[in-house]
Amino acid sequence: MKSAFIGVALAAMAGAAGAAELGAVDEPIKLAINEWTGQHVTTHVAGEMLKAAGYKVEYVTAGMLNQFQAIADGDITATLEIWSSNVSDEYYKKMEEGTVIDLGELGLDAREGIAYPAHVEEMCPGLPAWEALKDCAQIFATAETIPMGRLVDYPADWGTPGADRMKGLGLPFKAIPAGSEGALIAELRASTERKSPLLITFWQPHWAMSAYNVKFVDLPEAEDACFTDPSWGPNPNEVNDCDFTSTTITKAGWAGLKDKWPAAYEILVNYKLSVEDQQPMMGAIDVDGGKVEEVVAKWMAENEAKWRPVVDAAIK
Amino acid sequence: MTTAADVLPSRLGLTPGTRAALVVLLTGALCLALEPVLPWLVKWPDAWTLPATQWVDTVTRWILGWLKPLARAFADLMRYPMDWANLALNATPWPVTIGLITALGWYLGGLRMAALGFLGLSFVLASGYWSESMNTLALVAVSVPLALIVGGAIGLLANEFPRLKPPVQAVLDVMQTVPTFAYLTPLLVLFGFGPVVGLIASAIYAAPPMARNVILGLERVESEIKEAAVMSGAGRLQQLFQVEVPSAASQIMVGVNQCLMAALSMVIIAAVIGGFNDIGWEVLLTMRKAQFGQSLLAGLVIVVFAVVIDRMSGALAIERRRHDPRVVYGVLALAAVLTALFWSRLPDPAEFTLLAPVAEAVDTGLGEFTAANGDWLAGVKNGAMFYVLLPLRIGLDQAVLPFTWGFAWTPGMSWAVFAAGAALCLILIWRGRVTAGLMVLIGAGMLETGIADLPWPFVLVGAAALGRIAGGWRLSLLAVGLMLTILLSGLWDRAMLSLYLSGVSVVACAVVGGFFGLWSAVSPMAWRIVQPICDMLQTIPLFVFLIPVLMFFQIGEFSAFLAICAYAVVPMIRYTRHGLVSTPPELMEAAIASGATGWQIMRDVRAPYAAPTILLGLNQTILYAFAMLVIAALIGTTGLGQSIYLALGKADVGLGISAGAAMAILAFLADRMVQGFAEERRRALGL
C-alpha cells in the first residue's frame with residue numbers, strides 16, 4: 001500500500017514548502033473532536049504533533065455537521081476528518097465564502113459500498129457477486145418493504161447512495177434510510193446476534209467492519225461514465241449501475257490559521273494518516289477499551305519516523 | 001366561548017356536534033367521489049406550494065445577521081459564569097462535593113434527603129463519569145438562573161399588564177412546542193459555537209414553566225392581602241416584591257422545580273452541538289456504537305441528577321421546616337477532613353469503574369436476548385405492521401396484499417367496508433345517537449383511505465369542525481388558517497405522516513396508559529411499581545432506549561411508534577390515576593350509602609369526576625408525542641422529524657424553522673382542542 005511510504009513522501013513535500021514561523025504559541029490551537037473514534041485518533045495524532053512543535057492544543061467536542069460555523073468564526077481552528085460522502089452544505093458554503101480553507105487530503109483510503117455481515121453468505125450463496133442479490137431479494141424482505149428486499153441505507157441527511165445503486169442496477173430492493181449511525185450499528189449488531197439477513201450501505205475504515213465481520217458486495221467498478229451515461233454498465237437504461245467512487249477524506253481549517261500559526265498550518269496541511277495506522281488504534285480503543293490519549297501516545301512513541309519529519313520540516 | 005350559534009337552537013334540531021360531523025362526512029364523501037375527475041382535491045399539487053421555506057430562510061438569515069453582534073457579545077459575557085461554574089465544580093475535590101450535597105439534603109429534608117444525596121452522588125462517582133457530570137451540572141447551574149430570571153420577568157410583566165397575558169401565553173406555547181432541534185441552527189449562527197448555544201437552548205425551554213407558575217401564583221394572591229398592602233401605603237414595586245411575590249412563593253417554587261427539570265432534560269440536546277465534554281455527549285457517543293449497557297449507565301447518571309434535584313427543590317417548595325444546621329457543619333467538616341487527610345492519595349474520579357462490568361453484562365444480555373427471541377419479536381412487529389400501522393397509514397385498499405393479509409383487496413371489499421359502516425351508522429342513528437353514527441361512517445372512510453392519504457379539504461374541514469366544537473369559531477378559524485400555512489409551504493405530506501404516527505401513538509398511549517392509571521388508582525401496590533418506572537421514563541434521555549428497540553424491531557415505523565409511546569404514556573398514567581384517586585370523599589360516601597358496588601362507583605362517580613383531569617393528561621400525552629417525533633427520527637421515520645434533522649445537517653435555517661413551526665402548529669391545535677373539551681367537561685360538572 002502506498003500509505004506506508006506516505007510519511008517519507010510527505011517529509012519531502014514539507015521540505016519543499018519550507019520552514020515557517022511558529023506564530024502565536026501562547027494561544028491554544030483548537031481541534032474539533034467529532035462523534036466517531038477514527039476521527040478521535042486522527043485528531044489526537046495531529047494534536048500531539050502540534051504539541052511536539054511547541055504549540056498548545058485544546059480538543060473541543062463538536063457535532064460533525066454543526067462545526068463549520070465554529071470554524072468560520074475561528075472558535076475551532078481545524079477539523080481533520082471530513083468525508084466527502086457525508087458533509088453538510090454549510091461546508092461548501094463556508095469554503096466559498098473563504099472563511100473555511102481546505103487543508104488537503106488526509107490520505108485515509110476510505111471505501112463505501114453495499115455490505116453485509118459474513119453469515120449472510122450462507123443464506124444467499126452467490127454473494128459477494130452482486131448478481132446473486134437478484135434472486136435472494138426475498139430473504140431480505142421485511143414488513144416495511146414486502147414484496148421487495150430491504151436495504152438499510154445511510155441516514156437521509158447523508159444522501160441516498162444505496163437507493164441510487166438499487167435503482168441503477170435494477171435490484172428488487174427498497175432502501176430504508178436509517179435515522180443515525182447508531183441505528184446502522186444496531187442493525188448490524190442485531191443481524192449478527194440473530195443470524196438474520198441484512199443488506200446495508202456501509203463504509204470503512206470503521207470499527208464495526210471487523211467487529212461484525214462486514215463484507216462488501218462486488219459491484220462493477222465505478223467510472224465517470226457510469227454516473228452520466230445510462231448505456232454504460234450492466235443496466236443499459238440507468239445511471240449509477242456501478243460501485244461507489246472512492247471517498248476522499250480531507251482536512252479543513254479556519255481562514256486565519258495560516259497567519260496566526262504559520263508552522264501549524266504547514267503541519268496540518270502535510271499531515272497524513274493511513275488506514276493501516278488508524279484501524280489498529282481504533283480497535284485498541286473500541287474493542288479493547290483503551291483510552292484515546294494512551295493509545296495515541298503509544299503509537300506516537302513507536303512510529304516517530306512517520307510523523308517527526310513533518311513537524312521538523314515545518315519548524316526547522 | 002359562547003356564540004349566537006351555541007345559544008340558538010338549530011333550525012334542523014341538530015346539535016352543533018352532529019352538524020359538524022355531517023359537514024365533515026359530506027366533504028369526505030365529495031372528495032372521494034370527485035377524486036377521478038379532480039385529482040387536486042386529494043393531493044395538493046406541488047405547483048401550488050409557495051417557496052415558503054426559502055422565504056423563511058432569507059428573512060431569518062437577514063434578522064440573524066442583524067442580531068448577530070449583540071448575540072455574540074451576550075455569548076462572550078455568558079462564557080464567564082460558564083467557565084467559573086465549570087472551574088468551581090471541577091476543581092472541588094469530589095469528597096467535598098458529595099459532602100456539600102449530603103449536607104444540603106439534610107438541611108432541606110432530614111435524613112432521607114441526605115441519604116438520597118449521598119447515594120445519588122456515590123452512584124455518579126462509581127459510574128466513572130464524574131467530570132462529565134460536573135460539566136453538565138455547570139451547564140445547568142448557569143442556564144437555570146438565566147431561565148428563572150427570564151421566566152420570572154415574563155411572568156411579572158404579564159401580571160402587571162393583564163393585556164399582555166394572551167400574547168405571552170402564545171409565546172410560551174411556542175417556546176415549549178417548537179422542537180429544540182429546529183432552532184439549533186439559527187442559534188449556532190447567532191451565538192457562535194460552543195456550550196453557550198446549549199445554554200441558551202435549555203434556557204428557552206426551561207423558562208416557560210417558571211413564567212406560567214409566576215403568573216398563576218400572582219393571580220392567586222388573595223385580594224385582601226393586596227388591599228392591605230395598598231392601604232398601608234406601599235408603592236407598586238413595594239406591593240409587588242414585599243407582599244405579592246412572597247405570598248405566591250410556594251407556587252413560584254413549583255415553577256423553580258419544573259424549570260430545573262426542564263433544563264436537565266435539555267442536556268442531551270445541548271450535547272448534539274458539542275463544545276462541552278458533558279454527560280449528554282457521552283450518551284451520544286455510546287449510542288453511536290449501539291452500546292446499550294454503557295449508554296444506559298450514562299443515562300442513569302442524568303436520572304440520578306434529576307431525582308436528586310427534583311426531590312430537593314421539591315422540599316424547598318413544600319417544606320417550611322429546616323433541619324439542624326449543626327449536622328450540616330459536621331458533614332462538611334468531615335468531608336473537608338477526609339479530603340485533607342487523603343489529599344495526595346485521592347483517586348482520580350475517572351478511575352472509578354465499579355459499574356463498568358454491570359454495563360458490560362447488560363449489553364451482552366441484550367445481545368443474547370435478541371438472539372434468543374428474534375423470531376417472536378419479528379412476529380409481533382409484522383403483526384402490528386400488517387394489521388394496524390400500515391392500514392392506518394395508507395388505507396386498507398393499499399395495505400391489504402397477498403404478502404400481508406394473504407389476499408388482494410378488491411373494490412368490492414371497499415364497498416363492503418362502507419356498507420358495514422353505513423349499517424352501524426344507521427343503527428346508532430335509530431337509537432338516537434346521531435353524532436356517534438356519523439363518526440363511525442367517517443372512521444370507515446378514513447380506514448379505507450389511510451391517514452397519510454386523506455384529501456386535504458377533508459382534513460381542513462375536519463380541523464375546522466373539531467375547533468368549532470372544542471372552542472368556538474375563533475379556534476375553528478385559527479385551525480384552518482394554521483393548517484393552510486402547512487399546506488402552502490409544501491410540508492403537508494410530511495405533516496400528515498407525523499400526524500399519523502403521533503396519532504396512532506397517542507391512541508395506544510391513551511388505552512395502555514389509561515389501563516395502568518386505573519390499575520394504579522385501585523391498587524396502591526401497583527402504583528408503587530409503576531411510579532418509579534414513570535419517573536425513569538420521564539428523565540432518562542430517550543436516546544438510550546432507541547438501541548434495544550432497534551435491535552428488537554429494526555429501523556422503521558414500529559420502532560418509532562414504540563419509542564414515542566415509551567415517553568408519551570407517562571402523563572396519561574399519572575393524570576388518570578391522579579384524577580381517579582382525588583374524587584371528593586363526600587361523593588364516594590354518598591355513592592356507597594346509595595348501595596353502589598365498587599365497579600359502579602368507578603364507572604358512574606369516579607370516572608366522570610376524573611374526566612377533566614384525564615383529558616388534561618391526554619393533552620400532555622399529545623404534546624409529549626409530538627416532542628418525541630424528532631427523537632424518533634433518529635430511528636428512521638419520514639415525517640417532519642426527518643425534515644428537522646435534514647435541516648440541521650444542511651444548516652438550512654428555513655427548512656428547520658418551517659418544519660419546526662409545522663410541528664408546533666399540529667401540537668398547538670391538538671392542545672387547544674383537547675383543552676377546549678376538558679373545559680367543557682369541567683363546566684358540565686360544575687367545577
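**Chain B, overall**

I began with the contacts of chain B (two residues are in contact if their C-beta atoms, placed from the backbone, lie within 7 Å), and found that 80% of those with a separation of 6 or more join residues 24 or more positions apart. I note that this is a predicted model, in which local features need pLDDT of at least 70 and side-chain atom pairs count only at pLDDT 80 or more, while totals for chains, interfaces and linings use all residues. Residues are numbered from 1 along each chain as its sequence is written, and chains are lettered from A and ligands numbered from 1 in the order in which they are written.

I counted 28 helices and zero strands in chain B; helices (H or I, at least four residues) and strands (E, at least two) are DSSP runs, numbered from the N terminus. I then looked up the radius of gyration, taken over C-alpha atoms, against the globule rule of 2.2 Å times the number of residues to the power 0.38: for 687 residues a compact globule would have a value near 26 Å, and the 27 Å of chain B agrees. The C-alpha trace of chain B spans about 85 × 70 × 65 Å along its principal axes. Of the 687 residues in chain B, 48% are buried, where buried means 20 or more other C-beta atoms within 10 Å of the residue's own, exposed means 12 or fewer, partly exposed is in between, and C-beta atoms are placed from the backbone.

How many of the 11 residues of helix α23 (residues 543-553) of chain B are buried? I found 11 of the 11, so the helix is largely enclosed by the rest of the structure; among them are B:Phe543, B:Pro548 and B:Phe553. B:Gln554 follows α23(B) and has a positive phi, near 65°.

I placed B:Thr576 in helix α24 (residues 557-581) of chain B, and this residue is buried because 26 other C-beta atoms lie within 10 Å. Leaving aside neighbours within four places in sequence, I list its contacts as B:Gly513, B:Gly514, B:Gly517, B:Leu518, B:Ile614 and B:Gly617.

**Chain A against chain B**

I find 41 residues of chain A in contact with 46 residues of chain B. On the chain A side, β2 (57-61), α3 (67-72), α4 (89-97), β7 (173-177) and α8 (181-194) each supply at least two residues, and α8(A) gives the largest share, 10 residues.

The assignment for chain A, with bounds from an automatic or database domain assignment, gives domain 1 (2-109 + 248-315) and domain 2 (111-228). I read a distance of 31 Å between the C-alpha centres of these two domains of chain A. Their contact takes 12 residues from domain 1 of chain A and six residues from domain 2 of chain A. Which elements give two or more residues to the domain 1 side? I find α2 and α13 of chain A, with α13(A) providing the largest share, six residues.

I therefore checked the length of α13(A) (residues 275-286): at 1.5 Å a residue its 12 residues should span 16 Å, and its end C-alpha atoms, 16 Å apart, agree with this; the expected span is 1.5 Å times one less than the number of residues. Its buried residues are A:Asp277, A:Gln278, A:Met281, A:Met282, A:Ala284 and A:Ile285. They cover an arc of only 160° around the axis, which puts them on the same side of α13(A), the arc being that of the directions from the helix axis to the C-beta atoms. Their cover includes α2 (37-52), α9 (207-211) and α14 (292-302) of chain A.
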